[in-house]
Amino acid sequence: MTETISGRLVLDDGEAVGHLHVDDDGRIAAIEPAGTAPRDALVVPGFIDVHVHGWGGHDAMGGSEALAGLARALAARGVTSFLPTSVTASFEKLTRFADSVREWIPGAPSDGAEPLGFNMEGPFLAEKKKGAHPADLLRHPEELDDERLATFVEGLRIITIAPELRGAPNLIRRLAKRGVKVSLGHSAATMPESRAGYDAGAVTTTHLFNAMSGVVHREPGLALAALLDDAVWVELIADTLHVDPDLWPLIWNLKPAERVLLVSDAIALAGGGISRGMLGELEVRVDGDMVTLVEGGNLAGSVTAMDLELRNVVRAGIPLVAAVRAAATNPAALLGLDDRGRLAPGQRADLVELDADSFAVRRVMRAGEWIVPAQDR
């Protein structure tokens, strides 16, 4: 055994004070209860952020250098795996984004979060619920023919589609057959239109409640369809701004614990100390913890990292085990990964050591190697 990490270990079924042993192959060898282990350290599986546009001045659509900077910046916040995520752009720019991620992945830095492919948020979004996406670049799913689809599908893990758009059910079926996880979002869909999208093969939901038809007593829409379908995942941006914390218990009460996903939806301005910049084609500004469009004032992603979201939901009363599941275990399951996302023997040793009181990241391990050592915090 090459490494032993001690503290409050967050396991599948609860917490255990003890030691976690890592073998020289970078996997968890054993977990040993020990009442003498330090209780000020909280040890959790590495976070998996499946919806992140940038961090620390690094834009996911900015090419290989930006992607490398993004991977390292996310690692410092406890993220050990991620999906660089695009915003709505022209088909040509989205093709370049897909190509850049695919070309970069083989040489991605080992001291950063591991890329697992990429996520596309747009352009198949409803104009009524476009949020921080430019209306003139939105497209209908029927415009994506097989030739153009072939330029995107390799490495595409998640894509957002509004189910009420022309051609949406057909495109959802085509993508699902190719193994892409379709997420419903940025949508004004009715309840029947939403259910039709899930029936066609969509399996998850982009930032629940935000930019979607909601829970209205005479006009139920996508949010309610997602909450009532036990089979589908839902994303939550737990920055306290996108969704009021008083609603968070409702999500966990209605959804199976294994179907909630914490996502940052962070943009390049996050963590960079810059108050104004661009999100795709649109200018945004940061005011405290809030980022909005300069023109129109819509929320435009977040500037909150996964470690803070974990802290937020726990302080809002969500059980720690359920919160950790949403940050690590459930994203792994969504992507079909069975080698990470849990603290258990045989799992890859992707883990985060947090301060048990503040939830501040102390150090981060990826595949048995410390990529954020304690002295670099």
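Leu228 counts as partly exposed because its relative accessibility is 48%; that label covers the range between buried (under 20% relative accessible area) and exposed (over 50%), using a 1.4 Å probe and protein chains only. You'll find Leu228 in helix H6, residues 222-228. Helices here are DSSP runs of H or I with at least four residues, strands are runs of E with at least two, and both are numbered from the N terminus. Together with Leu247, Leu250 and Leu254, Leu228 makes a nonpolar surface patch of about 300 Å². To join such a patch, a residue needs over 30% relative accessible area and no salt bridge; nonpolar side chains (Val, Leu, Ile, Met, Phe, Trp, Tyr) are joined within 5 Å, like charges within 9 Å. The areas come from the Shrake-Rupley method with a 1.4 Å probe, and for residues only the protein chains shown count as cover.

A word on what you're looking at: this is a predicted model, in which local features need pLDDT of at least 70 and side-chain atom pairs count only at pLDDT 80 or more, while totals for chains, interfaces and linings use all residues. Residues are numbered from 1 along each chain as its sequence is written, and side-chain values use heavy atoms, with hydrogens and water left out.

Just past the end of H5, Gly201 takes a positive phi of about 135 degrees.

Now for the sheet. Seven strands form an open sheet in the order E3-E2-E1-E4-E19-E20-E21, with mixed pairing. Strand E3 (28-33) and E21 sit at the edges with a single partner strand each, so one side of each has no neighbour in the sheet. On average, neighbouring strands are turned by 40 degrees against each other, direction ignored. Two strands count as paired if DSSP finds at least two bridges between them.

Strand E2 (residues 14-22) pairs with E3 in the antiparallel sense over five bridges, and Val22 has Ile28 as its bridge partner in E3. Helix H9 (residues 320-334) lies across strand E1 (3-11), E2 and strand E4 (41-45), running at about 115 degrees to E1. Angles like this one run from 0 to 180 degrees between N-to-C directions, with axes fitted to C-alpha atoms, for helices over the stretch in contact; contact means heavy atoms within 4.5 Å.

Strand E19 (residues 351-355) runs antiparallel to E20, joined to it by four bridges, and Val352 is partnered with Val364. Five residues lie between the strands in this hairpin, where Phe359 takes a positive phi near 65 degrees. E20 is also joined by three bridges to strand E21 (residues 369-372), again antiparallel, and Arg366 pairs with Glu369. That hairpin has two residues between its strands, and Ala367 takes a positive phi near 50 degrees.

On to the charges. The structure holds 17 salt bridges, each a side-chain nitrogen of Lys or Arg within 4 Å of a carboxyl oxygen of Asp or Glu. Glu114, Asp339, Arg340, Arg348 and Asp350 are linked in a salt-bridge network.

Arg72 and Asp111 form another salt bridge, at 2.9 Å, N to O. Arg72 lies in helix H1 (residues 64-75) and Asp111 in the loop between helix H2 (91-104) and strand E9 (114-115), 39 residues apart. Arg72 counts as partly exposed at 41% relative accessibility, and Asp111 does too at 34%.
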